[in-house]
Amino acid sequence: MVACHDCDVLTRKLPLVEGEKLVCPRCGGPLGRHRSNTLNRSLALSLSALIMAVPACTMPLMTFKMLGLQSADTLIKNVYYLFERGFWGIAIVVMFCSILAPIAESLLVVFICVQAKASRFGPSLVLALKS
C-alpha cells in the first residue's frame, strides 16, 4: 500500500514496467514510477562521491586575509588544529562526521553494488547490509 502525498488516499502498489507511473485515483498525483538501472546508478554516484571526497578534504575550506597576510585552511588542517589545541572531542566529531563517515558510507555502497552485480550474496554482503 502507498499513501498519496496530496490527498492521503491509500492505493495498492502494483508492479510497474519501464516507463509506467502510478498515479492517485482520486487526485491524479504521482505515487511512484518505475526506476530502471538503479544498481548502475548507485554504483556511479558512490564512485563519484569517493572521487570527490579527495578534493573536498584537501582544497581550501576557509581563506583569511588580514593585514596583508593570507591563510587558507583545509578540512584536514582544521581537524589537525583542533587536535593540536586540545579540543579532542570536537576534533573527533568533526573528523568522523565530515571525513570518515561519508567515505565509509560510499565505500559500503560500492561494495554492496559490486557484490549485487556479481550475484554474490555471501555472509560478507549480509554483514554489509546489516551495518
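Select helix 2 and helix 3 to begin; the crossing of this pair is left-handed, a term used if the near helix is turned anticlockwise from the far one by less than a right angle, with right-handed for clockwise. Helices here are DSSP runs (H or I, at least four residues), as strands are (E, at least two), numbered from the N terminus. This is a predicted model, in which local features need pLDDT of at least 70 and side-chain atom pairs count only at pLDDT 80 or more, while totals for chains, interfaces and linings use all residues. Residues are numbered from 1 along each chain as its sequence is written, and side-chain values use heavy atoms, with hydrogens and water left out.

Two packed helices are described by the angle between their axes and the distance between the axes. Axes are lines fitted to C-alpha atoms, for helices over the stretch in contact, and angles run from 0 to 180 degrees between N-to-C directions. Angles under 35 degrees count as roughly parallel, over 145 as roughly antiparallel, 65 to 115 as roughly perpendicular and the rest as oblique.

Now display the side chains of L75, I76, V79, L82 and F83 in helix 2, which meet W88, I90, A91, I92, V94, M95, S98 and I99 in helix 3; contact means heavy atoms within 4.5 Å. The residues of this contact comprise 12 nonpolar, one polar and no charged. In this classification Ala, Val, Leu, Ile, Met, Phe, Trp, Tyr, Cys and Pro are nonpolar, Asp, Glu, Lys and Arg are charged, and the others, Gly among them, are polar.

**Helix 1 against helix 3**

Next, select helix 1 (residues 38-58), whose axis comes within 9 Å of that of helix 3 and crosses it at roughly 150 degrees. Helix 1 is therefore roughly antiparallel to helix 3. The crossing of helix 1 and helix 3 is left-handed. Residues of helix 1 that take part in the contact include L39, N40, L43 and C57, and those of helix 3 include I103, L107, C113 and K117. This contact divides into 15 nonpolar, four polar and one charged residue.

Is N40 buried, partly exposed or exposed? Its relative accessibility of 32% makes N40 partly exposed, where buried means under 20% relative accessible area, exposed over 50% and partly exposed in between (1.4 Å probe, protein chains only). The C-alpha atoms of N40 and C113 are 7.8 Å apart, although 73 residues separate the two in sequence.

**The nonpolar core**

Select V2, C4, V9, L22, C24 and L31, the six residues of the largest nonpolar core. Such a core is a set of buried Ala, Val, Leu, Ile, Met, Phe, Trp, Tyr and Cys residues joined through side-chain atoms within 4.5 Å. Residues up to four places away in sequence aside, V9 touches V2, A3, C4, C24 and R26.

**Two loops**

Move to D8, in the loop between strand 1 (2-3) and strand 2 (10-11). D8 is not a glycine, yet has a positive phi of about 65 degrees; at 61% relative accessibility, D8 is exposed.

Finish at L67, in the loop between strand 5 (62-66) and strand 6 (69-73). Phi of L67 is also positive, near 55 degrees, and L67 is exposed, with a relative accessible area of 83%.
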